[in-house]
Structures are given as structure tokens and as C-alpha cells.
Amino acid sequence: MTHDQLGIIWFGLIAVLFSGYFVLEGFDFGVGVLLPFVGKNEAERRTVISTLGPVWDGNEVWLLTAGGAMFAAFSLWYATLFSGFYLALLLILVALIIRGVAFEFRSKKSSKTWRRNWDWAIFIGSFLPALLWGVAFANIVAGVPLELQNGNSEFTGNLFTLLNPYGLLGGLTTLALFVTHGAVFLALKTDGEIRVRSNKLAGQVGLAAAVLAVLFGVWTQLAHSNNTVVSAIILLVVVLAWVGALAANRMGREGWAFLASAITMVGVVVFLFACLYPNVMPSSTNADATLTIANAMNSQYTLTIMTWVAVIMTPIVLAYQAWTYWVFRKRLSPSQIPNPEHGSLDLPHEVSA
């Protein structure tokens, strides 16, 4: 393969990795945001968390892999993005750390205050990334202030530069989509009252997500797409998939609703990458500082080696994760949670304190 072909392949592979992240971590974030509202008692909240227990940490691997792929294939893109978006990405990282700690610690003690505080930590740790990933991707597509300094493209803005109307709309869109995706997942994975509430919430939040997604999609298509015909077709697929997800959810067909919702998540990422191509990080202030596939990709030798690694390892990772979801495919209900009030680190005088 030529150098240019390898660059295009890796651009597509990074899109695939972020698609997987949006599908899997998307419902993960959605469930975390819904936790304080769907679970009405401790048994129900433990059930909600148990739907994520076997998979949440594995879902985050997609982000690490996507970041590693960016570094391996487009180190200039990686350096500019991670240095320029440093504060936003740091907030996402801190939120993910808090969220992971909360999953591990909330059930250690039976204190209601202890558990309530960790529940809100899960909420915040899910809410912030769901919002900020949309802000980040919206700004990548629209372009950010980049200037040439010592031959390199350097970000000259700050965190507030990213919090522009278009970026915030992108953030609200991903937040609403992820919450709906999470509600559909909960309806698929639980039984009883949690399933009923989740089904209802998916319909309600899904309508709001549809409005936001249409506004964001049309704005992106008209103002920021480099490939208007391709991106328009993908946007249409996204709209149809989301309509299908809401319709299936309304009919109580949770499996089909989740599949259509997952297709929507993939479509959103593919739409954004289609609008971006052949750029990887456009400059809004200096066209000469724009990073493209051609000027940001690493050497042909590096891309060739990494392509072989991807060809060998990607199917293994996919097979393992598919096996994990298959093993833990059954529905959960609060009646299956033994001693939900019990905390493994409780002292006798602390029980239910």
C-alpha cells in the first residue's frame, strides 16, 4: 500500500474505534446519569449498577485504543489535540477516575449518606464526559484557532474558546443521545419497575435528543462539511436509525431499539469524520496551520507495522468483548440482589446509619 492509502486507512480505523467507544461507553454514561432517577431504593440502584459491573471498565479500553491509534498514526494530530484541549480532556479524565472509584466504593458501607454521595459522583463522572466529548468533537470539525509556531501547529485558544454555541450544542446533543442510549440499555437489561421507567425515559429524552441532533446535524452539514453529499447520506441514515430506535422502544422491542440506537451512535461518529475528511484538525484562523491526513501522518514504515498489529489484534479484542456481553446477557431484577443494604466494610454500629 502507498503512504497515502495507509493514512486514509488509519483515519478510518480511528473513526471505527471512536464509534465503538460511543456505542459502548455511550450507554455506560447514560446509565450513570440516570442512576439517581431510575433507582428508587437501594436494591434498584444496585441492580442498575450491576448492569454495568462486568463491562464498564472494558468499555473504556476503546478510548485508550483510539488515543493510541492517533499517536501511532498521526502524532502531530495527537500532540496538537491533547495539548490544545488539555483542560477539557483533563476534566474528562478526572470524571472517569471519580466514576471508577465510585463504582468500587459505593457498596462498601451501608450508610445512606455514603452511598448517596457516591451515586452523585457516578452521575457527575458520567455527565461531564458525555457533555465534553460532544464539545470536543464539534470543535474539531468546526476548526479551532491554530497558528504555526516553529513549524508546528499550536492551539492558541483556551477552554472557553471551546465553549462556543456550536460546541455547546454538540455537547448537549451527545449528552441527550447517550442518556437515551443508556435508558434503552437499561430497558433491555432489567426487569420490573426499572424496565418500565427506563422505557418511558428513553421515549421522553429521545425526543429531546432528536431535536438537538437535527439542529446540530443541519448546522454541521451546512457550515462545516467538506464532503456534503456523503455526509448528507450518513445524516439521513442517522435520522432513520434514531426514529427506528424510538419506535421500537415505544413498542417494547428493547433489542431492536438498542440495535438502532447503536447504529445511531456509529452514524454520528462516521458523520463527523466524513465532514472532517481530509482534515484531521482544521484551523479557524490560519489555513496554513490546518492539519490534514497528508501532513499529519507518521512514516510509511510506522503505519505498515501498526497496520499488521491492528489486523491481528482487533479481531481478538472484538471476539473477547463480544464473549463478555454474551456471558452477561441475561436480565437483572432487584429480587436477584442479595442483602442490598449490606456493606462489606460495615462495622456493627454503622449498619444503615
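1. Let's start with Thr-174, which sits in helix α8 (residues 165-189). Bear in mind as you read that this is a predicted model. Is Thr-174 buried or exposed? It counts as buried, because its relative accessibility is 7% and the cut-off for buried is under 20%.

2. Now look at what surrounds Thr-174. A polar atom of its side chain lies 2.6 Å from the backbone oxygen of Ala-130. The Thr-174 side chain also reaches the backbone nitrogen of Gly-134, at 3.4 Å. Leaving out residues up to four places away in sequence, Thr-174 touches Phe-22, Ala-130, Leu-131 and Gly-134.

3. How far can you trust the picture? The chain has a mean pLDDT of 92, and 97% of its residues reach 70 or more. Confidence is lowest in strand β2 (residues 152-155), with a mean of 87, and highest in helix α11 (residues 254-276), at 97.

4. Next up, the charged pairs. How many salt bridges does the structure hold? There are 12. In one of them, the side chains of Glu-25 and Arg-99 meet at 3.8 Å, N to O. That pair links distant parts of the chain, with Glu-25 in helix α1 and Arg-99 in helix α5, 74 residues apart. Both Glu-25 and Arg-99 are buried.

5. Arg-99 has another partner, too: its side chain meets that of Glu-60 in a salt bridge of 3.4 Å, N to O. Arg-99 is in helix α5 and Glu-60 in helix α3 (residues 56-73), so this pair ties together parts 39 residues apart in sequence. Like Arg-99, Glu-60 is buried.

6. Arg-106 is buried, and so is Asp-119. Through shared partners, salt bridges join Glu-42, Arg-45, Arg-106, Arg-115 and Asp-119 into one network.

7. Val-101 belongs to helix α5 (residues 86-105). Why is Val-101 called partly exposed? Because its relative accessible area is 33%, which falls between the 20% and 50% cut-offs.

8. Finally, Ile-8 in helix α1 (residues 3-38). This residue is partly exposed, with a relative accessible area of 41%. Ile-8 touches Tyr-277 and Ile-293, not counting residues up to four places away in sequence. By contrast, its C-alpha atom is 36 Å from that of Ala-247, which is 239 residues apart from Ile-8 along the chain.

Note on methods: Residues are numbered from 1 along each chain as its sequence is written. This is a predicted model: local features need pLDDT of at least 70, side-chain atom pairs count only at pLDDT 80 or more; totals for chains, interfaces and linings use all residues. Side-chain values use heavy atoms; hydrogens and water are left out. Helices (H or I, at least four residues) and strands (E, at least two) are DSSP runs, numbered from the N terminus. Buried means under 20% relative accessible area, exposed over 50%, partly exposed in between (1.4 Å probe, protein chains only). pLDDT is the predictor's confidence in each residue, from 0 to 100. A polar contact is a pair of N or O atoms within 3.5 Å; within protein, one must be able to donate a hydrogen and the other to accept it, and residues adjacent in sequence count only if both atoms are side-chain atoms. Contact means heavy atoms within 4.5 Å. A salt bridge is a side-chain nitrogen of Lys or Arg within 4 Å of a carboxyl oxygen of Asp or Glu.
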